[in-house]
Amino acid sequence: SETDQLFGRLDDTIAGVRRLSAGQAGLLRIGMNGTAAFSHLPRIARVVKRALPDVALGIHADMLTPAQCEGLRDGTLEVGILRPPVLGRDLATAPFVSESLVLALPAKHRLVGKARISVSDLRDESWVCYSSPHSALNARVTRLCAGAGYTPRREHEAAGGSVLLALVAAGLGVAIVPEGVRSHPLQGVVFRDLPEAGTLDLVLGYRAGSDNPLVGVVVSLLTGS
(Lines give C-alpha, C1' and ligand atoms only; values in the text may rest on other atoms or scores of the structure.)
Protein backbone atom coordinates (compact mmCIF):
# COMPACT_ATOMS: atom_id res chain seq x y z
CA SER A 1 0.00 0.00 0.00
CA GLU A 2 0.99 3.65 -0.29
CA THR A 3 1.42 3.87 3.48
CA ASP A 4 3.67 0.79 3.59
CA GLN A 5 5.78 2.22 0.77
CA LEU A 6 6.08 5.51 2.64
CA PHE A 7 7.31 3.88 5.82
CA GLY A 8 9.69 1.73 3.81
CA ARG A 9 11.24 4.93 2.46
CA LEU A 10 11.37 6.32 5.99
CA ASP A 11 13.37 3.34 7.16
CA ASP A 12 15.85 3.99 4.34
CA THR A 13 16.47 7.54 5.63
CA ILE A 14 17.21 6.62 9.24
CA ALA A 15 20.99 6.33 8.82
CA GLY A 16 21.18 9.78 7.28
CA VAL A 17 18.97 11.32 9.95
CA ARG A 18 21.14 9.81 12.65
CA ARG A 19 24.12 11.61 11.19
CA LEU A 20 22.21 14.89 11.04
CA SER A 21 20.96 14.55 14.59
CA ALA A 22 24.08 13.27 16.31
CA GLY A 23 23.95 14.09 20.00
CA GLN A 24 20.36 15.32 19.95
CA ALA A 25 18.11 14.40 22.85
CA GLY A 26 15.04 15.77 24.54
CA LEU A 27 11.26 15.52 24.54
CA LEU A 28 9.28 15.69 21.31
CA ARG A 29 5.55 16.28 21.80
CA ILE A 30 3.46 15.07 18.85
CA GLY A 31 -0.24 15.77 18.45
CA MET A 32 -2.41 13.59 16.25
CA ASN A 33 -6.06 13.02 15.53
CA GLY A 34 -7.72 9.89 16.83
CA THR A 35 -7.64 7.93 13.59
CA ALA A 36 -3.97 8.79 13.02
CA ALA A 37 -3.21 7.29 16.41
CA PHE A 38 -5.00 4.08 15.36
CA SER A 39 -3.35 3.93 11.94
CA HIS A 40 0.12 5.45 12.13
CA LEU A 41 1.35 5.84 15.71
CA PRO A 42 3.06 2.44 16.04
CA ARG A 43 5.16 2.97 12.91
CA ILE A 44 5.87 6.63 13.68
CA ALA A 45 7.10 5.68 17.15
CA ARG A 46 9.25 2.87 15.76
CA VAL A 47 10.84 5.00 13.04
CA VAL A 48 11.54 7.98 15.32
CA LYS A 49 12.95 5.88 18.15
CA ARG A 50 15.25 3.95 15.78
CA ALA A 51 16.62 7.18 14.34
CA LEU A 52 16.62 9.19 17.58
CA PRO A 53 17.04 6.73 20.46
CA ASP A 54 17.70 9.50 22.99
CA VAL A 55 14.49 11.39 22.21
CA ALA A 56 11.45 10.80 24.41
CA LEU A 57 8.08 10.96 22.67
CA GLY A 58 5.10 12.68 24.26
CA ILE A 59 2.01 11.60 22.32
CA HIS A 60 -1.15 13.72 22.51
CA ALA A 61 -3.79 11.66 20.73
CA ASP A 62 -7.38 12.33 19.65
CA MET A 63 -6.71 16.00 18.89
CA LEU A 64 -8.58 17.60 16.00
CA THR A 65 -6.83 20.10 13.74
CA PRO A 66 -7.88 23.33 15.57
CA ALA A 67 -6.60 22.00 18.91
CA GLN A 68 -3.33 20.87 17.34
CA CYS A 69 -2.83 24.27 15.71
CA GLU A 70 -3.37 25.92 19.09
CA GLY A 71 -0.84 23.56 20.67
CA LEU A 72 1.75 24.29 17.98
CA ARG A 73 1.25 28.02 18.49
CA ASP A 74 1.44 27.99 22.29
CA GLY A 75 4.42 25.62 22.38
CA THR A 76 2.70 22.63 24.00
CA LEU A 77 3.29 20.62 20.78
CA GLU A 78 6.31 20.49 18.49
CA VAL A 79 4.72 18.52 15.63
CA GLY A 80 1.14 17.76 14.66
CA ILE A 81 -0.33 15.09 12.40
CA LEU A 82 -3.49 16.72 11.15
CA ARG A 83 -5.85 17.37 8.28
CA PRO A 84 -5.66 20.56 6.23
CA PRO A 85 -6.50 23.34 5.98
CA VAL A 86 -4.06 24.87 8.44
CA LEU A 87 -4.68 28.60 8.58
CA GLY A 88 -2.04 31.24 9.36
CA ARG A 89 1.45 31.92 8.07
CA ASP A 90 2.96 31.15 11.46
CA LEU A 91 2.40 27.41 10.87
CA ALA A 92 4.03 25.31 8.16
CA THR A 93 3.02 21.92 6.78
CA ALA A 94 4.67 19.03 4.95
CA PRO A 95 2.92 16.15 3.14
CA PHE A 96 2.53 12.94 5.13
CA VAL A 97 0.02 10.43 3.68
CA SER A 98 -3.15 10.31 1.60
CA GLU A 99 -5.70 7.97 3.14
CA SER A 100 -8.64 6.19 1.50
CA LEU A 101 -11.91 6.58 3.38
CA VAL A 102 -14.19 3.69 4.35
CA LEU A 103 -17.57 3.21 5.97
CA ALA A 104 -17.83 2.15 9.61
CA LEU A 105 -21.03 0.21 10.40
CA PRO A 106 -22.40 -1.34 13.60
CA ALA A 107 -21.69 -5.07 13.42
CA LYS A 108 -25.38 -5.99 13.23
CA HIS A 109 -26.29 -3.33 10.67
CA ARG A 110 -28.65 -4.32 7.83
CA LEU A 111 -26.04 -3.33 5.20
CA VAL A 112 -23.17 -5.48 6.51
CA GLY A 113 -24.09 -8.34 4.16
CA LYS A 114 -24.64 -6.18 1.08
CA ALA A 115 -22.09 -6.87 -1.66
CA ARG A 116 -21.56 -3.21 -2.57
CA ILE A 117 -22.60 -0.18 -0.57
CA SER A 118 -23.16 3.26 -2.04
CA VAL A 119 -23.82 6.63 -0.42
CA SER A 120 -27.40 6.38 -1.72
CA ASP A 121 -27.89 3.28 0.46
CA LEU A 122 -27.24 5.45 3.54
CA ARG A 123 -30.07 7.94 2.94
CA ASP A 124 -32.11 6.85 5.98
CA GLU A 125 -29.18 6.29 8.33
CA SER A 126 -28.19 8.14 11.46
CA TRP A 127 -24.65 9.49 11.23
CA VAL A 128 -21.99 9.79 13.90
CA CYS A 129 -19.91 12.88 13.14
CA TYR A 130 -17.24 14.99 14.81
CA SER A 131 -18.29 17.82 17.10
CA SER A 132 -15.76 20.24 15.60
CA PRO A 133 -17.27 22.66 13.06
CA HIS A 134 -13.95 22.47 11.17
CA SER A 135 -13.87 18.69 10.65
CA ALA A 136 -12.73 17.69 7.14
CA LEU A 137 -14.50 14.33 7.54
CA ASN A 138 -17.78 16.06 8.40
CA ALA A 139 -17.41 18.21 5.30
CA ARG A 140 -16.80 15.11 3.19
CA VAL A 141 -19.95 13.42 4.57
CA THR A 142 -22.01 16.53 3.77
CA ARG A 143 -20.67 16.69 0.22
CA LEU A 144 -21.18 12.99 -0.47
CA CYS A 145 -24.74 12.96 0.80
CA ALA A 146 -25.61 16.15 -1.08
CA GLY A 147 -24.32 14.47 -4.25
CA ALA A 148 -26.75 11.62 -3.59
CA GLY A 149 -29.63 14.06 -3.11
CA TYR A 150 -30.08 14.18 0.64
CA THR A 151 -28.85 15.82 3.86
CA PRO A 152 -27.19 13.48 6.39
CA ARG A 153 -29.04 13.06 9.68
CA ARG A 154 -26.33 13.83 12.22
CA GLU A 155 -27.76 12.46 15.43
CA HIS A 156 -24.57 11.95 17.47
CA GLU A 157 -21.29 13.82 17.77
CA ALA A 158 -17.86 12.81 19.03
CA ALA A 159 -14.94 14.94 20.08
CA GLY A 160 -12.41 12.45 18.69
CA GLY A 161 -11.92 9.30 16.65
CA SER A 162 -11.98 6.74 19.46
CA VAL A 163 -15.28 8.07 20.81
CA LEU A 164 -16.73 8.20 17.29
CA LEU A 165 -15.95 4.51 16.75
CA ALA A 166 -17.32 3.61 20.18
CA LEU A 167 -20.63 5.25 19.24
CA VAL A 168 -20.73 3.28 15.99
CA ALA A 169 -20.02 0.08 17.97
CA ALA A 170 -22.95 0.94 20.23
CA GLY A 171 -25.23 0.94 17.19
CA LEU A 172 -25.95 4.66 17.25
CA GLY A 173 -25.08 5.35 13.62
CA VAL A 174 -22.66 5.01 10.73
CA ALA A 175 -19.49 7.00 10.06
CA ILE A 176 -16.79 7.58 7.47
CA VAL A 177 -13.24 6.98 8.70
CA PRO A 178 -9.74 6.54 7.22
CA GLU A 179 -8.95 3.07 5.91
CA GLY A 180 -6.03 2.53 8.27
CA VAL A 181 -8.44 2.16 11.18
CA ARG A 182 -9.59 -1.21 9.84
CA SER A 183 -6.18 -2.70 10.67
CA HIS A 184 -7.12 -2.39 14.36
CA PRO A 185 -10.36 -4.40 14.68
CA LEU A 186 -12.89 -3.01 17.14
CA GLN A 187 -15.59 -5.23 18.57
CA GLY A 188 -18.99 -4.14 17.33
CA VAL A 189 -17.72 -2.30 14.23
CA VAL A 190 -17.48 -3.56 10.64
CA PHE A 191 -15.57 -1.59 8.00
CA ARG A 192 -16.74 -1.66 4.38
CA ASP A 193 -15.36 -0.12 1.21
CA LEU A 194 -17.14 3.02 0.02
CA PRO A 195 -15.35 4.04 -3.21
CA GLU A 196 -17.33 7.26 -3.53
CA ALA A 197 -15.78 8.54 -0.30
CA GLY A 198 -12.40 9.12 -1.97
CA THR A 199 -9.29 10.08 0.00
CA LEU A 200 -8.20 12.66 2.55
CA ASP A 201 -4.68 13.96 3.18
CA LEU A 202 -2.82 14.00 6.46
CA VAL A 203 0.01 16.52 6.81
CA LEU A 204 2.71 17.26 9.34
CA GLY A 205 2.24 20.62 10.98
CA TYR A 206 4.84 22.63 12.88
CA ARG A 207 5.61 26.21 13.84
CA ALA A 208 7.30 28.03 10.98
CA GLY A 209 10.84 29.03 11.85
CA SER A 210 10.95 26.82 14.95
CA ASP A 211 14.29 27.04 16.77
CA ASN A 212 13.94 23.50 18.12
CA PRO A 213 16.46 21.42 16.10
CA LEU A 214 14.44 18.26 16.70
CA VAL A 215 11.50 19.61 14.72
CA GLY A 216 13.37 19.89 11.43
CA VAL A 217 15.01 16.50 11.90
CA VAL A 218 11.73 14.72 12.68
CA VAL A 219 9.85 16.42 9.83
CA SER A 220 12.67 15.36 7.48
CA LEU A 221 12.52 11.83 8.87
CA LEU A 222 8.75 11.45 8.55
CA THR A 223 8.54 12.92 5.07
CA GLY A 224 11.54 10.98 3.76
CA SER A 225 13.21 14.19 2.61
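**Briefing on the predicted model**

Among the elements of the protein chain, helix α1 (residues 2–20) has the lowest mean pLDDT, 52, whereas strand β8 (residues 189–193) has the highest, 96. Over residues 13–23 the pLDDT is below 50, and this stretch has 14 contacts in the model beyond near neighbours in sequence. The model is a predicted one; the protein chain averages a pLDDT of 86, and 88% of the residues score at least 70.

**Strand pairing around β1**

- Strand β1 (residues 26–32) runs parallel to strand β2 (residues 55–60), and 6 bridges join the two.
- Within this pairing, L28 stands opposite L57 of β2.
- Strand β1 is also joined to strand β3 (residues 79–82), by 3 bridges, and these two strands likewise run parallel.
- Here I30 is the residue that stands opposite V79 in β3.
- As background to these pairings, side chains in a regular strand alternate between the two faces of the sheet.

- Helix α4 spans residues 65–74, and its buried residues are T65, Q68, C69, G71 and L72.
- These residues lie on the same side of α4, because they cover an arc of only 160° around the axis.
- The partners against which the buried residues of α4 pack are β1, β3, β4 (91–106) and β9 (199–207).
- After α4 comes G75, a residue with a positive phi, near 85°.

**T65 in helix α4**

- T65 is a residue of helix α4.
- Its relative accessibility is 15%, so T65 counts as buried, the limit for that class being under 20%.
- A polar atom of the T65 side chain lies 2.9 Å from the backbone oxygen of R83.
- With neighbours within four places in sequence left aside, the residues in contact with T65 are L82, R83 and P85.

**R110 in the loop between β4 and β5**

- R110 is placed in the loop between β4 and β5 (126–130).
- With a relative accessibility of 56%, R110 counts as exposed, since that class begins over 50%.
- Not counting residues up to four places away in sequence, R110 touches D121 and E125.
- Towards D121, a polar atom of the R110 side chain lies 3.2 Å from the backbone oxygen.
- Towards E125, the side chains of the two residues are joined by a polar contact of 2.7 Å.

- C129 is buried, with a relative accessible area of 2%.
- C145 counts as buried as well, at 0% relative accessibility.

How values were computed. Residues are numbered from 1 along each chain as its sequence is written. This is a predicted model: local features need pLDDT of at least 70, side-chain atom pairs count only at pLDDT 80 or more; totals for chains, interfaces and linings use all residues. Side-chain values use heavy atoms; hydrogens and water are left out. Buried means under 20% relative accessible area, exposed over 50%, partly exposed in between (1.4 Å probe, protein chains only). Two strands pair if DSSP finds at least two bridges between them. Helices (H or I, at least four residues) and strands (E, at least two) are DSSP runs, numbered from the N terminus. The arc is that of the directions from the helix axis to the C-beta atoms. Contact means heavy atoms within 4.5 Å. A polar contact is a pair of N or O atoms within 3.5 Å; within protein, one must be able to donate a hydrogen and the other to accept it, and residues adjacent in sequence count only if both atoms are side-chain atoms. pLDDT is the predictor's confidence in each residue, from 0 to 100.
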